[in-house]
Amino acid sequence: DHLKMAIKEFLLSAIQQLSFVQRFSDRIINFFSPYVVINFPEYEEYRFNHAFAAIDTYLGAKSTDKAQKLRASQVKESKGLVLKRDETKVRDIYQGINVWWEIVTDAEGDRTHRLTFHRRGLEIVTGSYIKYVMDEGKSIEAKNKKMKLFTNNPSLNWDSSKKSLWRHIDFEHPASFQTLAMDPKKKEEVLNDLEAFRNGKEYYKKIGKAWKRGYLLYGPPGTGKSTMIAAMANHLNYSIYDLELTAIQSNSELRKLLTATSSKSIIVIEDIDCSVDLTGKRRKKYGDFSSKKDGEQGSEEQNRSSRVTLSGLLNFIDGIWSACGQERIIVFTTNHMEKLDPALIRRGRMDMHIELSYCSFEAFKVLAKNYLDIDTHPLFGEIEAFLKETKIAPADVAEKLMSKNHKIDVDGSLKDLVDSLERRKEYQRGHSNGHEKKSGGKKLGIFRGLF
Ligand SMILES: Nc1ncnc2c1ncn2[C@@H]1O[C@H](COP(=O)(O)OP(=O)(O)OP(=O)(O)O)[C@@H](O)[C@H]1O
Ligand SMILES: [Mg+2]
């Protein structure tokens with residue numbers, strides 16, 4: 001019985017290994033040679049083979065390793081010695097087994113990673129080495145994944161390739177939730193929500209909903225809406241698609257753009273109240289781009305009015321395109337919640353409404369820590385009292401706390417802030433029903449502004 005079990009187990013594992021190999025390879029050729037060859041083509045039946053990419057990354061990391069060593073040894077060795085490395089062949093040793101990787105290109109220019117090893121290593125290579133390479137490659141890929149910031153190109157410049165829809169740059173924004181000044185409870189709530197979303201794959205599948213989440217960020221200028229989007233992207237390691245609606249001419253273009261986004265991304269529409277025609281009707285005279293170009297020397301306001309309609313946008317949120325994408329976050333920002341059409345913001349469309357408001361004392365303490373590296377100060381009491389009755393945006397507080405020449409001056413900065421709060425308080429008392437002045441720089445979202 002023991003023997004039977006052992007044989008059965010052996011056969012089972014042999015079958016498993018075989019199917020594992022077959023999944024990744026074309027075929028094992030040269031059956032009678034002592035060497036086994038496994039091919040990992042770049043494309044399999046016209047579909048990109050992700051194993052190829054993982055191997056590429058793994059070998060890339062390996063050969064730069066080697067190259068460094070090589071360079072080091074060159075320094076030590078005498079001048080006359082010329083070390084040449086065969087770029088196309090990389091040797092790897094795994095659990096005492098030698099394997100060789102080689103990249104081969106066929107007549108059509110298709111590339112294949114070819115793995116060669118001695119037959120006696122078959123079990124180790126197919127049993128664990130290949131999986132090891134895949135895992136290593138993928139983890140290096142994940143580590144190296146650069147976040148991108150995409151902006152849509154004007155549709156005039158589109159050609160037939162998907163690449164022309166969005167242009168991108170590397171996204172390197174330092175914002176984090178830790179340095180974001182807002183009510184700690186609200187911050188926690190947002191973070192938990194993001195975390196639940198990120199891990200929600202099974203859940204969304206179970207309830208039969210597209211794996212998406214919508215956030216509406218609202219609040220006065222300079223309260224951290226754009227900053228929060230950057231913090232979200234950094235937290236989740238997602239890319240950002242900054243969608244400029246005014247560069248789009250129609251709902252179908254909107255759909256094209258959205259279907260060209262990748263998963264694990266945040267789609268952002270800033271100042272939604274300024275960029276979509278909230279009446280839901282298309283304005284005839286802007287239906288045609290050329291007529292606008294030479295006919296209308298319209299005002300700024302008119303030029304900005306977009307041809308994307310409210311219903312087009314709502315369709316998008318409701319997931320008419322849900323078949324073509326998963327794991328996306330959609331963020332709208334606005335300064336004027338009250339201007340938005342109720343249809344746009346009803347629950348279910350935007351899953352969470354996040355208010356970013358004027359600076360509270362709690363928020364101030366975060367800023368004080370960020371900018372001045374302090375947790376407390378004799379002026380804190382006075383500042384707390386001011387903040388209770390004076391509206392000031394975190395951006396304005398931050399401006400006061402920012403050092404003028406990269407030298408931290410705690411007392412001076414806090415004094416500045418207190419002065420400013422005093423003046424504001426006076427002013428706001430005088431204009432108690434008026435709107436406070438906008439703190440300038442509007443429409444310079446963090447993404448457009450910084451780069
Ligand atoms: N809550 C905050 N925490 C930390 N820094 C903030 C916060 N709010 C604003 N700031 C600072 O002020 C600057 C402007 O903020 P941000 O662009 O995020 O404001 P906004 O809410 O997007 O404004 P707008 O409505 O004008 O787009 C940021 O670069 C950041 O340094
Ligand atoms: Mg902004």
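Where in the chain is the place of Glu327? Glu327 sits in the loop that runs between helix H11 (310-318) and strand S13 (328-334). We will come back to this residue below, after a look at the whole chain.

## The chain as a whole

Please keep in mind that this is a predicted model. The chain has 451 residues, and 42% of them count as buried. Its secondary structure comes to 17 helices and 14 strands.

Contacts and surface round out the overview. Among the contacts with a separation of 6 or more, 72% are between residues 24 or more positions apart. The chain exposes about 26,100 Å², and 53% of this area is supplied by carbon and sulfur atoms.

Is Glu327 buried or exposed? Its relative accessible area is 7%, and buried means under 20%, so Glu327 counts as buried. This is a loop residue, placed between H11 and S13.

Which residues are in contact with Glu327, once neighbours within four places in sequence are left aside? They are Phe197, Trp211, Tyr238, Ser263, Lys264 and Ser265. With Tyr238 there is also a polar contact: the two side chains are joined at 2.7 Å.

## Around ligand 1

There are 16 residues around ligand 1, and those that come nearest are Ala181, Gly222, Lys225, Ser226 and Thr227. A nitrogen atom of the ligand lies 2.7 Å from a backbone N or O atom of Ala181. An oxygen atom of ligand 1 is found 2.9 Å from a polar backbone atom of Gly222. For Ser226 the side chain takes part, with an N or O atom 2.8 Å from an oxygen atom of ligand 1.

How much of ligand 1 does the protein bury? Taken alone, the ligand exposes 620 Å², and the protein buries 82% of that. H6, H13 and helix H15 (394-401) are the elements that give two or more residues to the shell around ligand 1. H6 gives the most, with three residues.

## Helix H6 and the residue after it

Helix H6 covers residues 225-236, which makes 12 residues. From its first C-alpha to its last it reaches 17 Å, close to the 16 Å expected at 1.5 Å a residue. The helix is mostly covered, with nine of its 12 residues buried. These are Lys225, Ser226, Met228, Ile229, Ala230, Ala231, Met232, Ala233 and Leu236. Lys225 and Ser226 are also among the residues that come nearest to ligand 1.

Just after H6 comes Asn237, with a positive phi of about 60°. Asn237 is a residue other than glycine, and its place is the loop between H6 and strand S11 (239-242). With a relative accessible area of 30%, Asn237 is partly exposed.

## Helix H14 and its buried face

Which residues of helix H14 (residues 380-389) are buried? They are Phe380, Ile383, Phe386 and Leu387. Seen down the axis of H14, these buried residues fall within an arc of 120°, so they line one face of the helix. On the other side of H14, Lys388 and Glu389 are exposed.

What do the buried residues of H14 pack against? Their partners are helix H13 (361-372) and helix H16 (410-430).

Gln95 is another residue with a positive phi, about 50°, although it is not a glycine. It belongs to the loop between strand S5 (89-94) and strand S6 (97-105). Its relative accessible area is 53%, and exposed means over 50%, so Gln95 counts as exposed.

Met402 is found in the loop between H15 and H16. At 47% relative accessibility, Met402 is partly exposed.

Technical notes: Residues are numbered from 1 along each chain as its sequence is written. Chains are lettered from A and ligands numbered from 1 in the order in which they are written. This is a predicted model: local features need pLDDT of at least 70, side-chain atom pairs count only at pLDDT 80 or more; totals for chains, interfaces and linings use all residues. Side-chain values use heavy atoms; hydrogens and water are left out. Buried means under 20% relative accessible area, exposed over 50%, partly exposed in between (1.4 Å probe, protein chains only). Helices (H or I, at least four residues) and strands (E, at least two) are DSSP runs, numbered from the N terminus. The arc is that of the directions from the helix axis to the C-beta atoms. Contact means heavy atoms within 4.5 Å. The expected span of a helix is 1.5 Å times one less than its number of residues. A residue is near a molecule or strand if one of its heavy atoms lies within 4 Å of it. A polar contact is a pair of N or O atoms within 3.5 Å; within protein, one must be able to donate a hydrogen and the other to accept it, and residues adjacent in sequence count only if both atoms are side-chain atoms. Accessible areas come from the Shrake-Rupley method with a 1.4 Å probe; for residues, only the protein chains shown count as cover.
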